[in-house]
Amino acid sequence: MALQVLLIQPDTKSTQFLVDYFTEWGDRVWQAATPAEGDAILEQREPELVVADLHLIINGWQTLLSKVRQELPDAKILLTTNYPDPQQETQAKKEYGV
């Protein structure tokens, strides 16, 4: 069964790789480069999986993930990163169960 996936990735290279990966499996994919763009998509769509860059925390992903948790409690959240950050990773696990 196809998933509905929201990708929130500022890096276009990693975004295209993820788009290709999910669409090869027949999933429906929406793309956003910022949390604000992701929020606009959430106003119209109900993704089952949200894939976001961990470092968007600086630019507002905490608010976006809170919204996902409230409005789509069954949605899965996957955080990606090019640069490990144990403090941010621990915070995300604690607050959002990711």
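## An exposed tryptophan

Trp25 has a relative accessible area of 62%, so it counts as exposed, the cut-off for that class being over 50%. The model is a predicted one. Trp25 lies in the loop that links helix 1 (12–24) to strand 2 (28–32).

On the surface, Trp25 belongs to a nonpolar patch with Phe17 and Tyr21. Together these residues have about 420 Å² of accessible area.

## Chain layout

The chain contains 4 helices and 4 strands, arranged along the sequence as β-α-β-α-β-α-β-α. Among contacts between residues at least 6 apart in sequence, 70% join residues at least 24 apart.

Of the 98 residues, 38% are buried.

## Nonpolar cores

The largest nonpolar core has 14 residues, of which Leu6, Ile8, Ile41, Leu42, Val50 and Val68 touch the most other members. Two or more residues each come from strand 1 (4–8), strand 2, helix 2 (35–44), strand 3 (49–53) and helix 3 (61–71). Helix 3 provides the largest share of this core, 3 residues.

Ile41, one of the residues named in this core, is in contact with Leu6, Trp30, Gln31 and Ala32 when its neighbours within four places in sequence are left aside.

Methods. Residues are numbered from 1 along each chain as its sequence is written. This is a predicted model: local features need pLDDT of at least 70, side-chain atom pairs count only at pLDDT 80 or more; totals for chains, interfaces and linings use all residues. Side-chain values use heavy atoms; hydrogens and water are left out. Buried means under 20% relative accessible area, exposed over 50%, partly exposed in between (1.4 Å probe, protein chains only). Contact means heavy atoms within 4.5 Å. Patches are made of residues with over 30% relative accessible area and no salt bridge: like charges are joined within 9 Å, nonpolar side chains (Val, Leu, Ile, Met, Phe, Trp, Tyr) within 5 Å. Accessible areas come from the Shrake-Rupley method with a 1.4 Å probe; for residues, only the protein chains shown count as cover. A salt bridge is a side-chain nitrogen of Lys or Arg within 4 Å of a carboxyl oxygen of Asp or Glu. A nonpolar core is a set of buried Ala, Val, Leu, Ile, Met, Phe, Trp, Tyr and Cys residues joined through side-chain atoms within 4.5 Å.
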